[in-house]
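User: Could you show me how to read a pocket and an interface in a model like this one?

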Amino acid sequence: MENVLNEGLLAIEVCQNLTDLQNVRNAYLSKKGLVQQLMGKMKDLSAEDKPAYGAQVNQIKQSLESAFKLKEEALQEAAFDVQLQKGRIDLSLPSAMPLVGTLHPLTIVQSEIEQFFMGMGYLVKEGPEVELDYYNFERANIPQDHPARDMQDTFYINAEWLLRTHTTAIQTRTLEAYKGEIPVKVICPGKVFRKDDDDATHSHQFVQIEGLVVGIKISLADLKGTLELLAKHLFGESRVIRFRPSYFQFTEPSVEVDVSCHICNGKGCSTCKQSGWIEILGAGMVHPNVLRMAGFDPEKVSGFAFGLGVERVALLKYGIDDIRHLYTNDLRFLSNFRRFE
Amino acid sequence: MKVSMQWLGRYVDLTDIKAETLADKLTLAGLEVEGVDPIAQGSNLVIGEVVFCEAHPQSDHLSITKVNVGDEILDIVCGAPNVALGQKVIVAKVGAVLPEITIKASNIKGQASNGMICSLLELGVNPKALSDDQKNGIEVLDASLEVGQEALHALGLDDVILDIKQTPNRSDFNALWSVAYEVGALLDREVKLPWQKDFAQKGSKSDLVIASETAKCPLIYGKKIGQVSIKASPIWMRRDLEAVGMKSINNVVDISNYVMLETGQPLHFYDGAKLPKMEIIVKDGLNESITTLDGSDLPLDVQDIVITSNNQAIGLAGIMGGEDSKIDEQTTSLVIEAAQFSPSQIRHTSRRVNLLTEASQRFVKGLDPQSIIKALDRATELLVEHADAQLIEETVCCGEVSKDLLKVSVHLQHINDLLGTKVSLETAMDIFTRLQFTPVEKDSWIECTIPSTRLDISVAEDLIEEVGRFIGYADLKGSLPLMPTTQGSYDARQAMRQRLRQHSVGFGLNEVITYSLVHEDKTKMGVYPLENPASLLSPLSEERRFIRNNLLASMLETVAYNQAHKIKDFGIFEVSNLNTIAVNQERYAFVLSGQVERSIWQKQVYPYDYYAAKGIVERLLSELGVNLSRVRFENNEASTFFHPLRSAIVKIDNKIFGVIGEIHPKLAKAQDVSNVVMGELIIEQLLSMKLAKVRFTPVNKMPAVVRDIALVVDEAIQVSEIEKVIKAVSKDRIQSVQIFDVYQGDKVETGKKSIALKIVYQANDHTLSEEEITQLYTNTIEACKKGLNAQLRIA
């Protein structure tokens, strides 16, 4: 009996794999196994010897079973390790990268400006590209035959309709829609068209964003404060701006807005033509005629307006050397903008 | 306009101010100075006299000269054809640095050369101001110039030109005198103009007849000068004109130009003897042609303003005079014409005949009504002094110069409210005084009398701008508008556009923005092109005459461009509105080219095909809240833009929403593209459509049972029909029907196809029993047999 236990334990111990172990298990613990054979001998014993014998055989059975269990776990663990080692892959093979596209740089810049102004409580207003001469010119304080119309070479469709030359057309429509109610606080983005031959710095089609605020005692200082924040948002915290008096029909007083050069920090470089400043916006206080035509009383309210070219900002921001890249849509060009803030 | 510092300095003292400093001041006051350019450049330049000149023995065009430069006599080999003994010339001594070259001692074909005799061109003078002789040869100087002195200063070439960008409102800056006033006001300095008031008033009785028969010429003055002598202009006048890029012709012509530049008033001088009759009549409505000064023959339009004499056209008003009556060397008497013409008419005529002259630009911008008088006074004075003018007749006029000056008032509070400043009354009064607005103040109301030159000032805000630009905006402290808080947001259209963009980028598509202007051909193809596309009256080219009425036609250009540049696998999209006069419609379009190579070595390469396009549409629509049960893809067999059998009309709620599919092979060939699948969607419709909102649906916890079946059906039967038949078996027990294989080939009958489906049976309130499942499965097969004439395929 002792032999059965010792031999069994030894047989378990020397097993190299789960199959061998199962065979040993069958030899000892199956219905016809050695342990059962020991049990079978009980019928030959006297009644008083039976309990002690039975207990002894059971003891052997339990010992073997727990030995089997331990060995099985150990072998499983080893087999698992072997399996794991087989799972080695070449970590350096190319990935299966999820496909992702890119927004157009003009959209990226436009959205950035829209988000900035929405954060300050501005609504985004749009209007038709095929526009009435009336909203594009008359309402913008540019009457028939005014020399200022020389400044914008217009694509006319007929005497009445044209392709809008500036998003001021959206402003004049928006002002009219407000019917004299304040506050007006909007930005007006959109495509505009001018009869310019396309070259590195001109495009017959481009995107403008104009802004318009009308309320009580809105001042040129408010315009400056607003545009200072915009300049910092677009070109970095250390940017400053300067106003230069200028002329636009829509505004009086009018200013051109320069931003200190983000490339050289105002020291002078090729981007800013050594001046330290980059012209980026036209702006001013809404002309009283414009307010009056749209049903506002310029004695009671005032407003500021500004306009910028999205292409110009994109060119400056990303260092693009030719405006035509933006409309060629070369995918190698567009892929530059896949990673955007 | 170009302003010479020296010329300007004749009216306002600029001796202690550098051109750059003045330029900065002007720029920050609203006169943007775009250039500060010396008219000539060069060091080590002196006046010399040619004391010896002979042909170079080894050359057919060089000369050997000796030039006295005061302290020495230099040997110089000169290549100019016009060099001659006795000339006073400009000499660049050894070491001189000129715009293009540095002068070194040299030996030219055996002859020593220690310097160079210069042309003005070599000193960087604007070629526009130079005659052909001056451009081709050395500059021959006035014999009275003293040898040895520094040349640029002696010749008045040590001048700097300010190139001022004129804003359209400041028509007064067409007159140098007005620039002088502005500079005087900015520097707070006295301005002295050489204007002898009423000089032109004197004169004997005149037989000249002046008349205007058109409202487009409200004012015209004429003056006959019986005797003048034509000769060269005085040196200072030539210098001034050349400095600003104007060629000197002769004293009389130069005077008319000089006075125009000074006063802004274009003058026209006729040869008195060549006028058909001693009359000048301004007319319109003529229908003939005129030969202008430059010799071109211009047909007249009835709208044009024409100067006539004895019914003959002698000038195209405000633009150019006629050839027949022009001043030449033989001229002995003059008739001066000074007028005001309708700016818009001059603009139209000038554009039509494509002639932009110094005169026309001034008329177009608008003239100080009093400039006629200033110009006549000044011209008469200069003619007397420099053209020996005699037999001066009185001025004859038609119309009257208004002497009334506009008065505009502004309140100090208004100034500070609009600018956001704290300007004092004294400062404001000082600024207006310097501007010669003769301000009068009462209770902080300031009344200004506006000089006739300042056509740009008519309302209080104009005066506020004057204060603003004079105090300068550098110290203006920025603030933010003080007003009720408002909520900033996109509207529904803008929000939809942004979501479409973000999703598209997530699908790997790249956004493009293409031109809205297209060739007419592009308006006649594409997806549901809008009716009546708008076309431009005068386009840049036929390629860009029409405003596009669909997106895909123009996007194909982008596809062709990229494919031509060996970029084969890509997806692009564009969101844009389409415009005609009647319609403004938002659209979305995409083009897929080639395939998606996600991981080639793992064979993860997916074709961009009809199903990829369909997937994009379905994904976008479900993301935007359109349940796909509302969407149908219907056959598009009539298409010539898309492949007729591999494209579909997309409908939502049975309404046309767009088209997707493969490009028509013929079109692909014509457009030079290949492997293109595309789609265009009228997303405008989504804005008025009921869209699903996000709602919580409880998760079905009951077990689901999956059964696979394979059906053999007629090949014409669309899978959507099979799905429909199966789903109809039980609305609440069949959770989904998924197609996992489509087979056509030798294992099924010709004309048939095998479709393998995975059907998920599930109830939401109990576990389906074995009997229920069997019943559902049997019903499914029965329905397919009955409804689709399908056979169960035994694998």
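Analyst: Happy to; we take a pocket, then an interface. This is a predicted model, where local features need pLDDT of at least 70, side-chain atom pairs count only at pLDDT 80 or more, and totals for chains, interfaces and linings use all residues. Residues are numbered from 1 along each chain as its sequence is written, chains are lettered from A in the order in which they are written, and side-chain values use heavy atoms, with hydrogens and water left out.

User: How much space lies in the second largest pocket, and which residues lie nearest its centre?

Analyst: Rolling a probe the size of a water molecule over the atoms shows where empty space is left. The second largest pocket holds about 1800 Å³ (a pocket is an open set of points on a 1 Å grid over the protein atoms alone, where a 1.4 Å probe fits, with protein on both sides within 12 Å along at least five of seven lines). Of its 39 lining residues (those with an atom within 4 Å of a point), K614(B), F633(B), Q718(B), V719(B) and S720(B) lie nearest the centre.

User: Where does the second largest pocket lie?

Analyst: Domain 5 (492–688) and domain 6 (705–792) of chain B both contribute lining residues, so the pocket lies between them.

User: And how large is the area buried between chain A and chain B?

Analyst: The size of an interface is often given as the accessible area lost when the parts come together. Here about 7500 Å² is buried (1.4 Å probe, summed over both parts), and carbon and sulfur atoms give 59% of that area. In chain A, L99(A), P245(A) and L331(A) lose the most area to chain B.

How values were computed:
Points joined across faces, edges and corners; volume = space filled by probe spheres on them. Domains from an automatic or database assignment. Buried area = accessible area lost by both parts, 1.4 Å probe.
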